[in-house]
Amino acid sequence: MLDPGTVLQNRYKILRPLGQGGMGAVYLAEDNRLGSKVALKQVLPEHTDNALARKAFEREARLLANLDHSVLPTVSDYFIEDNDEAAGLFLVMKFIPGDDLEKVLRNRRNNIAPRGEPKPFAVDEVLSWADQLLDALDYMHTQGPPVIHRDIKPENMKPTSRGKIILLDFGLAKGRASGMSQSRNRSVPGYTPNYAPVEQILRAD
């Protein structure tokens, strides 16, 4: 994990960690150039000095930066750090405040009587989230080349106070550049157990 106060690229100052997983971490950072808060996604492939891994990461960052949908946070930058203190592949994304859906569900279970029992959301609210997510997936899958998220789960969704749902964490996103063969079209590997399809777990992607 990167320490608060660490500055990357002479621009992004780490404020605090937002989450951590097997593939890396996400931080709240300040863009010293624009004076805004951003989410900094650090991806840690098995070999950060591997040329193929870097090329796949750069290709995916460019794909994500060209997406424009209200459900998807904007990707504004990417970079690679090689030093020992902050090694990894980094995506810079719009910071979405608030709790993710997993935490919202956990809070509802613990804070609304009777405790320990699931508290359902309003049907209209859930249907609205589903419509928004499906529209975003349709948008992503009809891009040229298509973009596949590959890690959709409650921890990667954020409901907002205005009734919207935001799909987060594109560290595992996959897309195929025109003219690239299957063997050359490698993405940063990874998946979440209990949410990933069998094909992804077997890496038959």
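Let's start with Q9, which sits in the loop between strand 1 (7-8) and strand 2. Strands here are DSSP E runs of at least two residues, helices are H or I runs of at least four, and both are numbered from the N terminus. This is a predicted model, where local features need pLDDT of at least 70, side-chain atom pairs count only at pLDDT 80 or more, and totals for chains, interfaces and linings use all residues. Residues are numbered from 1 along each chain as its sequence is written, and side-chain values use heavy atoms, with hydrogens and water left out.

Back to the loop. Phi of Q9 is near 60°, a positive value in a residue other than glycine. N10 is in the loop between strand 1 and strand 2 too. Its phi is positive as well, about 55°, and N10 is not a glycine. Why mention that? Because most residues other than glycine have a negative phi.

Now exposure. Buried means under 20% relative accessible area, exposed over 50%, partly exposed in between, with a 1.4 Å probe and protein chains only. Q9 is partly exposed at 40%. N10 is exposed at 77%.

Next, I14, in strand 2 (residues 12-21). I14 is buried, at 1%. Beyond four places in sequence, I14 has contacts (heavy atoms within 4.5 Å) with residues including L2, P4, Y27, L28 and L40.

Last, a proline. P145 is in the loop between helix 3 and strand 7 (147-148). The peptide bond from G144 to P145 is cis, omega near 5°.
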